[in-house]
Amino acid sequence: MEQLNPRIRTVWLAVSVVAAIALAYVVGLAPTETAVQPPVPLSVVAFGVVLVVGVVYQYLRYKAWGFEIQDDAVYIEHGVVVRVKKVVPFVRVQHIDSRRGPVERASGLASLVIYTAGSRGADVSVPGLTPERADELRERLRELAIENEESIEDAV
């Protein structure tokens, strides 16, 4: 299984820091009507807890992410709390995009999005790739999907 680019950990860590700051701010705004003030403000405790959980979670999330491209399908595994294993057969692939949002551009990363035939939400995304790797995978998947489609038509 191929892992994501290690820079995705920085992006996920930044998200954890922003979440910790936001929660600390909200907790700090809450009225405290107790006669006894705690030795450490609750906003600092909230920041610390969310930050530690976020750091551990992003580490485990990175270790859990993997994907593999074989001749018949794309295999994807991810998930910390709930482990998800996906198999996307090439016969279900409709089109493939490489995507770079503002955060991904700033970190020099891209995502590969595989759109599949089927119900809503059946699309699959592989984050944390370099733009070159995302483009390379997009072209390889396109070629494999075309080959797979041709082999099915030949069998009919």
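Val45, Val49, Val53, Tyr57, Val81 and Val82 form a nonpolar patch on the surface. Together they have about 580 Å² of accessible area. Patches are made of residues with over 30% relative accessible area and no salt bridge; like charges are joined within 9 Å, and nonpolar side chains (Val, Leu, Ile, Met, Phe, Trp, Tyr) within 5 Å. Accessible areas come from the Shrake-Rupley method with a 1.4 Å probe, and for residues only the protein chains shown count as cover. The accessible surface of the whole protein is about 9,800 Å². Carbon and sulfur atoms account for 60% of that surface.

A word on the model. It is predicted, so local features need pLDDT of at least 70 and side-chain atom pairs count only at pLDDT 80 or more, while totals for chains, interfaces and linings use all residues. Residues are numbered from 1 along each chain as its sequence is written, and side-chain values use heavy atoms, with hydrogens and water left out. Here pLDDT is the predictor's confidence in each residue, from 0 to 100. Its mean over the protein is 85, and 87% of residues reach 70 or more. Confidence is highest in strand E1 (residues 66-69), at a mean of 94. It is lowest in helix H4 (residues 131-155), at 81. Where pLDDT is low, the predicted coordinates should not be read in detail.

Now the fold. The protein has four helices and six strands. Along the sequence they run α-α-β-β-β-β-α-β-β-α. Helices (H or I, at least four residues) and strands (E, at least two) are DSSP runs, numbered from the N terminus. Take contacts between residues at least 6 apart in sequence: 48% of them join residues at least 24 apart. Contact means heavy atoms within 4.5 Å.

Of the 156 residues, 32% are buried. Buried means under 20% relative accessible area, exposed over 50%, and partly exposed in between (1.4 Å probe, protein chains only). In soluble globular proteins, nonpolar side chains tend to be buried together. The largest nonpolar core has 26 residues. Such a core is a set of buried Ala, Val, Leu, Ile, Met, Phe, Trp, Tyr and Cys residues joined through side-chain atoms within 4.5 Å. Leu4, Val74, Phe90, Ile114, Val126 and Leu141 have the most contacts inside it. Helix H1 (7-29) and strand E2 (73-78) are among the elements that each supply at least two core residues. H4 gives the most, with five.

What does Val126 touch, beyond its neighbours within four places in sequence? Its contacts are Leu4, Trp65, Phe67, Ile76, Ala110, Ser111 and Leu112.

Finish with charge. Side chains of opposite charge can pair when their charged atoms come close. The structure holds six salt bridges. Each is a side-chain nitrogen of Lys or Arg within 4 Å of a carboxyl oxygen of Asp or Glu. Glu2 and Arg133 form one, at 2.5 Å from N to O. Glu2 lies in the segment before H1 and Arg133 in helix H4, 131 residues apart. Glu2 is partly exposed, at 28% relative accessible area.

Arg142 meets Glu139 at 3.0 Å, N to O. These two are three residues apart, about one turn of the helix. Glu139 also pairs with Arg138, with the closest N and O atoms 3.5 Å apart.
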